[in-house]
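Hi,

Here is the structure we talked about, for you to open and look through. My notes follow below it.

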Amino acid sequence: MAISACGTAYLAGLIGKYWFERYARLTVEIDVASEFRYREIPLSPQSAALFISQSGETADTLASLRYCKERGLKIGAIVNACESTIAREADAVFPILAGPEIGVASTKAFTCQLAVLAALAIGAARARGTVTEDELQALVRSLAEVPRVMGQVLNSIQPEIEFLSRELSKCRDVLYLGRGTSFPLAMEGALKLKEISYIHAEGYAAGELKHGPIALIDDNMPVIVIAPHDRFFDKTVSNMQEVAARGGRIILITDEKGAAASKLNTMHTLVLPAVDEIIAPMIFSLPIQLLAYHTALFMGTDVDQPRNLAKSVTVE
Ligand code: M6R
């Protein structure tokens, strides 16, 4: 299967790739839409292609959709605007039902795109027989938990987010790290922060730290580590040790188990409820989005209409 999209929608797709591959054992080719159609990827008409777009009008995503359609692929579209061109040209439409998203920064569309991608991956796993009935039920139960856990998180983290955002607003650069599905989330955190606060931010796979970005670490550099207590946690902790040893200021976003297991001096550890791996990206995206929002408020930037950006990018 192929997935293509732009910006935040692409990062949702990247998380979807992990899910389709892990649960449905389906290989996923993914790229940003502006590269996808020029790469001359060998595409089989037996394949499906999935396009993700809040607006359904993004020029590069639409052009990639048409590129795949001309080659006979079955087209699915994950959209918020169901009357949009992308929705109209797709064979199957998967609405995210987020309601109108007015601010330029994609927030609720991102979490709703993730919910739809998770549901599709679980559905594909069921159809392909790659998970047992018990596993399937557990996955569906976890998905159904998302609204309740989100409410719990939103009600509890506000004071810590404001404290951290005040600190971030004094910084020039911020590094985000994560492994597994927390890696695209790290890139999403960096995208959101730079988009609305204009602070330079990078999101990296934690394992890539020692291949370059570690050179940036000093006591001026906050490093936001997204690390639920999952299969990758111990590896991420060893990356955090590398940051701590160089004086980097770590903001660890984890869960209760992770907080107990990390045993590292952090500038701050933000503790979220422990959740199943499949819903962690949706839950962990909340502090990521709120950090960007409150940092932008402290910076005095326009959080709804950031400079140089449009809500819908209809030119290539
Ligand atoms: O409407 P789309 O989802 O196709 O838009 C794609 C990107 O332009 C969009 O996600 C952009 O990256 C956001 N402003 C990021 O917050």
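First, a pocket: on a 1 Å grid over the protein atoms alone, it is an open set of points where a 1.4 Å probe fits, with protein on both sides within 12 Å along at least five of seven lines. A molecule sits in one if more than half of its atoms lie within 2 Å of its grid points. By that rule, the ligand is in the largest pocket.

Some housekeeping: the model is predicted, so local features need pLDDT of at least 70 and side-chain atom pairs count only at 80 or more, while totals for chains, interfaces and linings use all residues. Numbering starts from 1 along each chain as its sequence is written, and side-chain values use heavy atoms, without hydrogens and water.

Oxygen atoms of the ligand lie 2.6 Å from a polar side-chain atom of Ser-53 and 2.7 Å from a side-chain N or O of Ser-55. The protein buries 91% of the 410 Å² that the ligand exposes when taken alone (Shrake-Rupley method, 1.4 Å probe).

Elsewhere, there are 13 salt bridges in the whole structure (a side-chain nitrogen of Lys or Arg within 4 Å of a carboxyl oxygen of Asp or Glu). One of them joins Arg-39 and Glu-29, 2.9 Å from N to O.

Cheers

Notes
Polar contact = N/O pair within 3.5 Å; in protein donor to acceptor, adjacent residues only side chain to side chain. 1 Å grid on protein atoms, 1.4 Å probe; cavity = no way out; pocket = protein on both sides within 12 Å on 5 of 7 lines; lining within 4 Å.
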